[in-house]
Amino acid sequence: MTATSEPDDSFHVFDTTLRDGAQREGINLTVADKLAIARHLDEFGVGFIEGGWPGANPRDTEFFARAQQEIDFRHATLVAFGATRRAGTTAEQDPQVRALLASGAPVITLVAKSHDRHVELALRTTLDENLAMVRDTVSFLKGQGRRVFVDCEHFFDGYRANPEYAKSVVRTASEAGADVVVLCDTNGGMLPARIQAVVATVLADTGARLGIHAQDDTGCAVANTLAAVDAGATHVQCTANGYGERVGNANLFPVVAALELKYGKKVLPDGRLREMTRISHAIAEVVNLTPSTHQPYVGVSAFAHKAGLHASAIKVDPDLYQHIDPEQVGNTMRMLVSDMAGRASIELKGKELGIDLGGDRELVGRVVERVKERELKGYSYEAADASFELLLRAEAEGRPLQYFEVESWRAIVEDRPDGSHANEATVKLWAKSERIVATAEGNGPVNALDRSLRVALEKIYPQLAKLELVDYKVRILEGKHGTQSTTRVLISTSDGAGEWSTVGVADNVIAASWQALEDAYTYGLLRAGVEPAA
């Protein structure tokens with residue numbers, strides 16, 4: 001890579017997804033998971049990846065051993081996390097300090113107490129001995145050729161209680177050779193103005209190179225991180241998608257995007273910012289958590305526009321309602337179609353789908369009224385692009401897009417004496433002038449309908465063999481009570497190359513599901529390039 005393609009050491013992006021992020025409720029990473037995430041983070045271009053606490057648990061010890069053998073890090077440096085030596089011993093003799101060296105990690109992060117109350121109550125030692133623990137451990141590890149970062153745990157709470165002692169911990173770590181001293185808002189209770197004031201004061205009083213580690217308990221972790229940068233911090237600790245203890249940590253992706261796009265700092269290698277959305281979603285898949293749709297920069301709704309007023313402006317210039325070009329972070333602009341839609345929304349959505357409506361005001365008007373009429377009944381097209389495209393094409397062509405004509409369908413649920421259930425569905429339809437009757441069983445009435453429709457059509461349309469129902473959502477809409485309520489069903493379908501969503505609305509869940517299934521199969525055939533019936 002060229003000399004200008006990599007950020008230099010003057011500013012650090014430090015990721016702790018594999019340690020702090022893994023402490024989130026619902027995340028339980030295997031060694032294979034950690035290796036996969038480390039590869040994604042290295043590909044994204046973070047400077048440091050904190051892999052865990054070797055020696056504290058076998059999984060982290062195995063991770064460090066395997067990471068050095070199995071991953072050829074191109075951008076990131078692997079970091080081991082541990083604590084300062086215990087009271088009353090030496091760093092060289094402390095087993096957990098030795099385990100940090102044994103991990104082979106070239107960088108070690110030490111957590112140190114900086115709150116006097118924690119020193120006395122949690123460590124059960126004196127304030128002076130705590131300083132000696134910091135000094136000895138940093139000096140020993142530096143003497144072994146390691147870079148050392150020191151995390152000052154509970155720093156801001158400690159600073160409030162005893163500012164001179166909190167600063168003495170920072171000063172001691174720096175004078176012992178720590179490359180960076182990180183000020184941690186461990187309880188996550190700080191706000192940006194206070195963070196900025198404290199960081200600026202500590203920087204002036206100690207001269208240490210400072211970093212920031214912010215938890216998100218006030219919802220300010222990203223803002224607190226940037227406030228610390230404003231005050232002079234040159235090292236930011238974050239986690240992918242904000243994963244972490246309690247409500248989480250500073251989110252890596254909005255922090256990095258802000259630094260690159262708003263501050264003009266080069267913190268990633270060339271071209272890596274455009275991979276951000278993909279990396280965010282890939283890591284979410286590894287940890288088995290659904291990506292947040294409304295996450296800044298990388299969420300699928302981050303550049304989605306619903307209001308007609310917004311759409312009218314975006315039609316003139318997308319920058320009027322977008323703070324950046326979504327392509328800068330690997331995302332895309334989306335137009336949502338709903339009962340708030342105006343002409344501009346429909347025209348932009350049509351253009352997004354490859355259908356030019358710009359010259360036909362009458363057609364656009366019909367589509368607008370059709371959407372509003374159907375959304376009043378409970379349809380939701382902002383979540384069902386495929387159903388909207390079918391509606392749009394039907395209005396544009398004067399008739400529905402049709403590959404088959406349904407004569408009737410039925411679904412039967414049989415309750416058996418042994419407590420089991422049998423689900424069977426029968427579909428009668430016409431396709432290419434042929435009348436077909438198909439029956440199938442399933443693990444529920446909707447699954448049985450799906451299978452019977454597939455049995456009926458696959459011989460005529462073999463392209464349907466690739467289709468797979470990947471998600472199914474049911475919502476009971478307001479209006480009526482109990483079993484008389486209107487039901488909306490959203491179905492997501494995949495053909496292996498992409499996914500699409502369709503919607504159905506009816507007084508019962510089976511009928512609503514059938515509507516969504518019909519649209520799903522019709523759209524699947526359209527995607528496959530099949531000509532509709534004459």
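Two aromatic rings of Phe, Tyr or Trp pair if their centres lie within 6.5 Å, with the six-membered ring used for Trp. In this predicted model, ring pairs link F14, F48 and F149 into a cluster. The count comes to 11 aromatic pairs and zero disulfides. The points below cover the rings, a hairpin, a helix, the cysteines and a loop residue.

**Aromatic rings and charges**
- F48 and F149 pair edge-to-face, at 5.2 Å centre to centre and with 80° between the planes.
- That angle is over 60°, so the pair counts as edge-to-face rather than tilted.
- The pair links distant parts of the chain: F48 is in strand β2 (residues 48–52), F149 is in strand β5 (residues 147–153), and 101 residues separate them.
- F48 and F149 are buried.
- R19 lies over the face of F81, 3.8 Å from the ring centre.
- R374 lies over the face of Y379, 3.9 Å from the ring centre.

**The β12–β13 hairpin**
- Strands β12 (residues 421–431) and β13 (residues 434–442) are antiparallel and pair over nine bridges.
- A425 stands opposite A440, a residue of β13.
- Two residues lie between the strands of this hairpin, and K432 takes a positive phi near 50°.
- S433 lies in the loop between β12 and β13.
- S433 is not a glycine, yet it has a positive phi of about 65°.
- With a relative accessibility of 72%, S433 counts as exposed, because the cut-off for exposed is over 50%.
- N423 belongs to strand β12.
- N423 has a relative accessible area of 9% and is buried, since buried means under 20%.
- Leaving aside neighbours within four places in sequence, the contacts of N423 include I412, V413, A440, E441 and G442.
- N443, G444, P445 and A448 are also in contact with N423.

**Helix α3**
- Helix α3 spans residues 95–102, and its buried residues are Q96, V97, A99, L100 and L101.
- An α-helix has 3.6 residues a turn, so residues three or four places apart point the same way.
- The cover over the buried residues of α3 includes β3 (77–83), β4 (107–113) and α5 (127–143).
- At the start of α3, a side-chain oxygen of D94 comes to within 2.9 Å of the backbone nitrogen of Q96.
- Just after α3, G104 takes a positive phi of about 80°.

**Cysteines**
- The disulfide count is zero.
- C184 is in no disulfide, and the nearest cysteine sulfur, that of C152, is 6.8 Å away.
- C184 is buried, with a relative accessible area of 4%.
- C220 is in no disulfide either; its nearest cysteine sulfur belongs to C238, 15 Å away.
- C220 has 16% relative accessibility and counts as buried.

- R124 lies in the loop between α4 (116–123) and α5.
- The phi of R124 is near 55°, a positive value in a residue other than glycine.
- R124 is exposed, with a relative accessible area of 73%.

Methods. Residues are numbered from 1 along each chain as its sequence is written. This is a predicted model: local features need pLDDT of at least 70, side-chain atom pairs count only at pLDDT 80 or more; totals for chains, interfaces and linings use all residues. Side-chain values use heavy atoms; hydrogens and water are left out. Two strands pair if DSSP finds at least two bridges between them. Helices (H or I, at least four residues) and strands (E, at least two) are DSSP runs, numbered from the N terminus. Buried means under 20% relative accessible area, exposed over 50%, partly exposed in between (1.4 Å probe, protein chains only). Contact means heavy atoms within 4.5 Å. A polar contact is a pair of N or O atoms within 3.5 Å; within protein, one must be able to donate a hydrogen and the other to accept it, and residues adjacent in sequence count only if both atoms are side-chain atoms. Rings of Phe, Tyr and Trp (its six-membered ring) pair if their centres lie within 6.5 Å; planes under 30 degrees apart count as stacked, over 60 as edge-to-face and the rest as tilted. A charge sits over a ring if NZ of Lys or CZ of Arg is within 6 Å of the ring centre and within 35 degrees of the ring normal. A disulfide is a pair of cysteine sulfur atoms within 2.5 Å.
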